[in-house]
Structure formats: structure tokens, C-alpha cells
Amino acid sequence: MEWQVIDEKIKRWMFEAREMILASFDTKLDINTKSNRNDLVTNMDKKIEKFYIDHIHESFPDAKIMGEESEKDALQDADELFFVIDPIDGTMNFVKQQDNFASMIAVYQNHQPILGYILDIRNNKLYWGGKAIGVYCNFKRLKAPQNLTLRDGLLGAGLPMILNDEYHFQEIAREASGVRMYGSAGIEFINVLTGKTLGYVSRLHAWDYAAGKILAEELGLVVQAIDGTDIDVLSSKVVLVSTRSANEKINQIINA
Ligand code: IPD
Ligand code: CA
Ligand code: CA
């Protein structure tokens with residue numbers, strides 16, 4: 001199948017999902033916890049995921065789907081299309097700030113990653129693209145970010161990296177110009193794609209990094225599991241996305 005056929009539909013679904021999410025700001029959310037008191041799910045996370053899944057089933061009946069809140073098909077079982085969905089990424093921000101959250105979809109075809117989408121809901125900016133297609137913010141093509149060294153830029157991170165000094169993270173943080181924490185993997189990936197930060201490191205599930213990985217690699221950034229294991233199986237990992245220079249320095253610190 002031509003990627004343009006899939007692309008046109010996903011963009012339509014995502015902007016429609018955005019309208020539904022914005023409309024929910026005027027309603028009372030139904031909020032529940034999952035693995036811990038700060039791991040939230042709302043009626044909107046479930047509604048948006050169902051909205052995407054219903055459309056995928058209707059348009060691509062044979063597709064397999066991995067969604068954060070429901071379907072958990074495996075990539076190896078997909079004959080042709082495989083979709084990875086994070087309906088609302090940064091649910092805590094969605095609830096507390098109504099800002100700094102995203103919606104994400106990644107598409108695999110014949111087991112290969114082909115398209116990634118991160119929609120910054122508040123700013124109405126869709127970062128999208130894929131292998132040999134380029135990366136765009138809405139209609140504008142993004143240039144590859146500068147290959148900054150760790151010393152010369154800001155690093156995004158998940159809080160446990162700092163609290164638990166995972167993988168010598170405190171030393172990594174001291175080497176950088178500073179650390180920033182936005183509470184949404186999607187927004188963090190956008191910051192790296194656009195050169196606002198030189199990298200981001202956090203423990204993530206497949207739906208948190210699948211879209212961002214496709215876009216980052218297309219822009220020449222390096223995406224790795226920090227323990228050196230294979231990242232393609234779409235499991236939960238401590239993921240590092242960064243410039244090539246920062247990647248080298250971070251690995252030096254980890255392995256020292
Ligand atoms: C979470 C956010 C957060 C990251 C967590 C994710 P969710 O996603 O991206 O920034 O640190 O690991 O689970 O649960 O809001 O979709
Ligand atoms: Ca989510
Ligand atoms: Ca997420």
C-alpha cells in the first residue's frame with residue numbers, strides 16, 4: 001500500500017481527535033490510576049484510543065494494533081500493517097495543565113517502521129514523516145538539528161533518571177548545559193527533533209517512543225536502548241534519543 005493513503009487518513013483522524021480533546025476541557029473528566037498514583041488514565045485516553053482503533057479497523061481490516069489502553073497485538077503477528085498508538089501522551093499534564101501533551105501514532109509495514117506522528121495538541125503542530133520521506137511540522141520540512149555535544153545543550157529526562165541516578169545520570173546531567181523535564185515523551189521528542197534540547201532519556205513503553213524513534217532517525221539523530229539491547233522489539237526500555245556527539249559522550253560516561 002502507498003504510504004500516502006495511510007498518511008492522509010491518519011492526519012484526518014488526529015486532527016479530529018484534537019477537536020475532541022479540546023472540547024473535553026469543558027467537561028468533567030473521569031480520572032483513574034493505573035500502576036501508581038501518578039500513572040493516570042482518563043475517559044478521554046480511552047475514548048481517543050477507541051476512536052483511532054475503530055477507524056483503523058474500518059480502513060485496514062487486517063491491520064494489527066498495539067494501543068496503550070487496550071489492544072496489545074505483537075509486531076511479529078502483523079501481516080502487513082501494524083499501528084502503535086498513544087492516544088494521550090502526558091496524561092498528567094492533560095489533567096493538571098491542559099497543556100504540554102501529545103497524541104502519537106506509529107505505522108509499521110511488513111515489520112518495518114514507515115511513518116511516525118506526534119501531534120502537539122495545544123500548539124496544533126503535527127510532527128510527522130518517515131523513512132525516506134523527511135520530517136515535517138505541519139507543511140514545513142524540518143532540517144536536521146545541529147550535532148551538539150553534551151556540553152553545549154540541554155538534556156530532557158524522566159524524573160526517575162535523576163532521583164535514582166540511573167546509568168550515572170547525575171554525572172551525565174552535570175556535563176550538559178542543563179536538564180529539562182516536560183512530562184510527555186512526545187513533547188520531549190519534539191524538542192529533540194527541533195533542536196531545543198540535544199537529547200532525552202527516560203524509561204519508556206513502546207507507544208511512548210515508537211513514533212519519535214522513526215522521526216528522530218530520519219533526521220540523523222541516534223535512538224538507542226541505554227543498556228545496549230535491541231530496541232526494535234517494541235518493549236519497555238530506558239531509551240536515549242540524542243545527537244550523535246551527545247550519544248558518544250553519554251555512552252562513555254555510562255561505561256566508564
Ligand atoms: C508518560 C509520559 C511521561 C513519561 C512516562 C510515560 P502517558 O506517558 O510520556 O513523560 O515519563 O514514562 O508513561 O502515560 O502520559 O501516556
Ligand atoms: Ca498515554
Ligand atoms: Ca505515553
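Predicted model: local features only at pLDDT ≥ 70, side-chain atom pairs only at ≥ 80, totals over all residues.
Residues are numbered from 1 along each chain as its sequence is written, and side-chain values use heavy atoms, without hydrogens or water.

The sheet, then. Seven strands make an open, mixed sheet in the order E3-E4-E5-E6-E7-E8-E9; strands here are DSSP E runs of at least two residues, helices H or I runs of at least four, numbered from the N terminus, and two strands pair if DSSP finds at least two bridges between them. Strand E3 (64-67) and strand E9 (140-141) are at the edges with a single partner strand each, so one side of each has no neighbour in the sheet.

Now the interface. In contact, meaning heavy atoms within 4.5 Å, are 35 residues of domain 1 and 22 residues of domain 2. The two domains bury about 2,100 Å² between them, 74% of it on carbon and sulfur atoms; that is accessible area (1.4 Å probe) lost on being put together, summed over both. In domain 1, Ile118, Tyr127 and Val135 lose the most area to domain 2, together 25% of what that side buries.

Which elements give two or more residues to the side of domain 1 that touches domain 2? They are E4, E5, E6, E7 and E8. E6 gives the most, with seven residues.

How values were computed:
Chains lettered and ligands numbered in written order.
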